[in-house]
Amino acid sequence: MEDNLYWRQIGNQKFKETDYQGALDSYHNALSINSNDYTTLNNCGLIYYLLKDYNKSIEYSRLSIAIKNDWDKSQYRLVMALKMMNRLTESLDICYQFIKRCSSSSSSSSSSSSSSSSSSSSSSSSVQTQPFQKEISDISNLMISQRFSTKLMSPFNIDILNLVEIKYIDSIMGKGVFSKISVNQPSNSVYNEIFKEKPLISHCTFNFDKYKYCSYCLKTIKHDPSVYGKEYQELCNAINNDEMVHCNKCNLEIYCSVKCRDNGWNDYHRILCNLAKESIDKYYSLSKSNIQTNPLVILRIFSNIYGKVILDGMSQQDALIPFTIFTSNSSDIPCSSENHYIEILKNQIFQPLMENDDQSKVLLNQLLTIKQFREFNSILNFNSSDVKPTSKVCEIIDSTVKSTPQTQDYIIMELDGKKKISFQQLYNYISSFDHLVVEGCALYSITNSFNHSCEPNCLATFSERDNTLVMRSQLSIKKNDQLTISYINEDQPLQYRQSKLLQSYLFKCNCNKCLTGI
């Protein structure tokens with residue numbers, strides 16, 4: 001009687017003869033006798049891969065792994081098939097998981113084996129993981145090249161790629177940003193500007209009910225007079241006169257210019273503008289009660305992806321890439337009220353769109369999940385920047401300082417009752433207006449790719465009135481040098497820095513400052 005081994009051997013012979021269809025028929029005969037034959041399932045995955053039927057290759061590789069999850073051949077086949085489908089994040093995750101499992105298995109073996117067998121086991125594990133290590137490098141470089149291609153880059157930021165390059169470093173450091181130019185040592189404490197970057201997406205935080213600000217760029221436009229206090233009423237009246245533009249359709253969203261209105265429309269508002277205001281208000285109220293800004297950014301991300309796929313005809317993968325290239329600590333960490341957020345998103349805010357057509361329904365069912373919400377929340381927790389624009393008052397002060405004679409050690413604020421402010425008092429005077437701008441949360445594709453150092457050569461600043469980030473050099477920089485910023489206050493003691501970085505960013509810093517114990 002013919003058994004599954006017989007048919008598998010026939011399939012193997014057909015495979016050697018490059019008769020792939022004949023091999024598949026034989027392998028399927030083997031599986032009809034024993035559906036748990038993981039070797040035959042893997043062989044089917046290989047043939048489907050060679051035939052470029054990557055969905056089938058993924059299916060059979062997963063079936064093989066379900067029976068023997070530590071078999072490197074099926075795992076590797078799955079990695080390659082996902083890679084060919086451009087499902088790069090999934091492919092990369094499997095590489096890391098497999099290497100982690102091999103490492104754990106090797107450690108366990110080392111603790112219970114003799115030194116000679118332990119060495120053999122370790123060597124075997126290393127050989128087993130080598131192809132996966134190579135794929136981590138290849139996939140990471142592919143993801144970087146896709147994310148920072150001119151097709152997917154924001155048109156505002158394309159010129160930055162003439163100044164810096166994003167490259168994959170290794171599995172520990174991930175990617176990094178490297179300078180394409182040399183930057184001289186800053187002089188007189190004035191840091192040299194390297195580039196300006198607009199965010200992928202941003203949103204204002206809460207507690208700014210008395211402010212009118214641009215929904216798109218977060219520029220503060222007008223304030224309630226009570227924000228200034230009686231001491232600065234004259235100044236308030238003098239500067240509270242910026243242009244304000246409303247959405248042409250809903251008349252609710254406020255912008256500082258027609259350009260920002262158009263950009264906001266293309267990025268997210270063309271979707272949200274047509275949806276029920278009551279549902280969106282309910283979502284905002286939940287975010288406010290939880291004191292969470294991330295859900296508001298995530299709402300805009302979902303709207304951005306939907307618009308690009310459904311209205312612009314972009315592939316779902318390309319629409320996701322700008323937001324998923326970032327490292328995150330874990331997509332499994334729950335977010336407070338996440339079920340409630342998803343319920344409002346899926347069953348209320350986006351429900352009308354799900355009834356439009358099958359494509360919209362499929363897309364939104366894939367996007368509006370706890371898993372995707374957690375992933376975006378984790379990416380924002382791990383990568384987003386706090387936006388703190390400068391105020392219009394600071395612009396006036398800066399202009400006044402520049403026009404003041406060098407021999408004079410004070411400025412005269414004409415709009416503040418011709419008040420005389422010495423340069424020694426200037427810092428405190430400027431700080432007294434810090435509350436005159438809204439603050440926010442934003443995701444920057446290039447800046448948020450910078451690695452950390454406790455001796456950074458760069459400083460991310462907000463020296464404009466909107467969410468434009470200005471990257472400046474703190475030290476001289478040579479061409480091809482890696483550019484770094486500090487994720488924390490680098491002036492704190494070593495133990496505090498190490499603890500803070502490990503707790504918040506899950507890594508131990510090995511910069512020169514830390515290694516020398518400073």
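## Ground rules

Because the model is predicted, local features need pLDDT of at least 70 and side-chain atom pairs count only at pLDDT 80 or more, while totals for chains, interfaces and linings use all residues. Residues are numbered from 1 along each chain as its sequence is written, and side-chain values use heavy atoms, with hydrogens and water left out.

## The annotated span

An unreviewed UniProt entry puts "domain: MYND-type" on residues 214–273; such annotations may be inferred rather than shown by experiment, and the positions follow the numbering used here, with feature names shortened. The end C-alpha atoms of that span sit 16 Å apart, and its make-up is 37% helix and 13% strand. Helices (H or I, at least four residues) and strands (E, at least two) are DSSP runs, numbered from the N terminus.

## The largest cavity

Searching the whole structure turns up two cavities of 30 Å³ or more. A cavity here is a set of points, on a 1 Å grid over the protein atoms alone, where a 1.4 Å probe fits but cannot get out; lining residues have an atom within 4 Å of a point. Volume is the space filled by probe spheres set on the points, with grid points joined across faces, edges and corners.

The largest one comes to about 70 Å³. Its lining includes K219, D242, K392 and R465, and strand β6 (residues 220–223) gives the most, with three residues. By class, the lining splits into four nonpolar, four polar and four charged residues. Nonpolar means Ala, Val, Leu, Ile, Met, Phe, Trp, Tyr, Cys and Pro; charged means Asp, Glu, Lys and Arg; the others, Gly among them, are polar.

## The second largest cavity

About 50 Å³ of space lies in this one, lined by L88, T89, M143, Q146, Q317, I321, T324 and I325. Elements giving two or more residues are α6 (88–112), α7 (115–147) and α12 (316–324), and α12 gives the most, with three. Here the lining has four nonpolar, four polar and no charged residues.

Domain 1 (4–102 + 130–144) and domain 3 (202–377) both contribute lining residues, so this cavity lies between them. Those bounds come from an automatic or database domain assignment.

## A three-stranded sheet

Three strands make an open, antiparallel sheet in the order β4-β12-β9, pairing being called when DSSP finds at least two bridges between two strands.

Three bridges tie β9 to β12 (residues 440–443); S385 has A442 of β12 as its bridge partner.

Definitions and conventions. On a 1 Å grid over the protein atoms alone, a cavity is a set of points where a 1.4 Å probe fits but cannot get out, and a pocket is an open set with protein on both sides within 12 Å along at least five of seven lines; lining residues have an atom within 4 Å of a point.
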